[in-house]
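Let's take a look at this structure together. We'll start with the ligand and its surroundings, then turn to some helices.

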Amino acid sequence: MRTIRIFDTTLRDGEQSPGASMNVEEKIQLARQLVKLGVDVIEAGFPIASPGDFEAVKRIAGEVQGTTIAGLARAREEDIKRAWEAVKDAPRHRIHTFHSTSDIHLKYQFRVSREEAIKRSVAMVKFARSLAGDVEFSPMDATRTELPYLIEVVLAVVEAGAGTVNIPDTVGYTSPLEFGSMIRAIKARIGDRAVISVHCHNDLGLAVANSLAAVLNGAGQVECTINGIGERAGNCSMEEVVMNLNTRKDYYKAVTNINTREIIRTSRLLTRITGIHVQPNKAIVGANAFAHESGIHQDGLLKEKMTYEIMKPEDVGLKETELILGKHSGRHAFKTRLHDLGYELTQDEVESAFSKFKHLADQKKVIFDEDIETLVTQQVSRTPEVFRLTDLNVASGMNIVPKSTVKMKIRGKTVQKTAKGDGPVDATYKAIAAMTKTKSSLLKFEVKGITGGTDALGEVVVSIEEGGRSVRGQGADTDIILAAAKAYINALNKLAARKK
Ligand code: KIV
Ligand code: ZN
């Protein structure tokens, strides 16, 4: 069986999803989980894009071990040097450089001829190879590039030293049969001299199907993202492509290095970090992906699982929500559970998470894994706290105007404000906005219960925007008004950190 490499670009192309930006700590946390998942390459970012991107890639390269760390670079010396600076500390590193090849891009966007494009691509692959042993090249908009010219570019960059040639369907234009034969034609010309990779976008909903067609025709690497997030309609979804290969080994005759039991955890971690939820009917990771509603199906399943189940829920890491800890659980049990859940926190972080856990245990009889994951995800975001909530009092009901009194510490000074609003959340937000003197506007407000029951931890995700910068804030509490206040303040802190 062939092993297909999984190249994860959640931290680069995935982060290009509107609203998906992550801070450095969040990226490191996700990168660590991607290693546990078993991805072969993590594309950690586009180092020249911003100092923040550079820092994130550099920190991941220095701190996250067990996989190849790649940095993206346009086919320009300064980009490549910056990518090299960012990835070079990783024991295994890669420079991924790209240049458009379609006539549409060359004529209208870059105003260069085909000859110039090929010359620059070759020169930049050689330059990248003078720095790194592992270089990948992408002819951008490959699927709208004339095939003989595309093959000419591919042969030239392989000759120049690219070990992987990635064929991107940049605008999600191709379809499975067409893409399969394109990959077959390229494979026929380059043989085993380089790995063929594919990078499909989902504009027509075909990213996974196109990637699988490519695998059938000789591709050895698939580029994808967790939950399929990415530019516009997203990228090929990692969990879907992997579970297709896994479930239909008989057909694809290929395997991956992915530990599929880490899929759900990784998907949920990304959701928690970005606030972008997957639709309930999303394959593999949607809330309903393994839920059987119809009576006939349930009857069949009770008799024999194989009747209606092609994958086992536990194979993707889905398990019955575990009832684990309560208010009598001690520090040791809490620490052990954190370890089992895969968190490696510093002593200070454990202490702070433990005190939040104790506080939660006072409000909620039983604490589930999901509750702990929510507490800890917030813990590792490490956004400096310019604004801190210290007290909140609301009055609302059927015959009164909702009113909220909020007490905060702002740059160390205690302030308090009472405001009225359309509801308790509105009143609370007005009080916070007045005290923090924010000029931001609220773009999105979402509420979700983390587990079932009326004492469940409620999670609020908000997006706010100021001067073209948008940030997301999260807050969780058994009291939904408090969760809303925490989410707003978390977003304001992130905005303050960004401005700095
Ligand atoms: O979609 C695309 O073409 C890309 C390249 C940079 C690989 O993301
Ligand atoms: Zn892309």
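Ligand 1 sits among R12, D13, H96, F98, S138, M140, N166, P168, T170, H199 and H201, where being near the ligand is having a heavy atom within 4 Å of it. This is a predicted model, so local features need pLDDT of at least 70 and side-chain atom pairs count only at pLDDT 80 or more, while totals for chains, interfaces and linings use all residues. As for bookkeeping, residues are numbered from 1 along each chain as its sequence is written, chains are lettered from A and ligands numbered from 1 in the order in which they are written, and side-chain values use heavy atoms, leaving out hydrogens and water.

Who's in that shell? By class, there are three nonpolar, six polar and two charged residues.

| Side chain | Distance to a ligand 1 oxygen |
|---|---|
| D13 | 3.1 Å |
| H199 | 3.1 Å |
| H201 | 3.0 Å |

Taken alone, ligand 1 exposes 260 Å², and the protein buries 94% of that (Shrake-Rupley areas, 1.4 Å probe).

Now for the helices. The axes of α8 (residues 207–216) and α9 (residues 238–247) come within 10 Å and cross at roughly 45°, so the two are oblique to each other. The axes of α13 (residues 331–340) and α14 (residues 347–363) come within 11 Å and cross at roughly 110°, which makes α13 roughly perpendicular to α14. Angles of 65 to 115 degrees count as roughly perpendicular, under 35 as roughly parallel, over 145 as roughly antiparallel, and the rest as oblique.

Key:
Polar contact = N/O pair within 3.5 Å; in protein donor to acceptor, adjacent residues only side chain to side chain. Nonpolar A, V, L, I, M, F, W, Y, C, P; charged D, E, K, R; others polar. Axes fitted to C-alpha atoms, helices over the stretch in contact; angles between N-to-C directions. Helix = DSSP H or I, 4+ residues; strand = E, 2+ residues; numbered from the N terminus.
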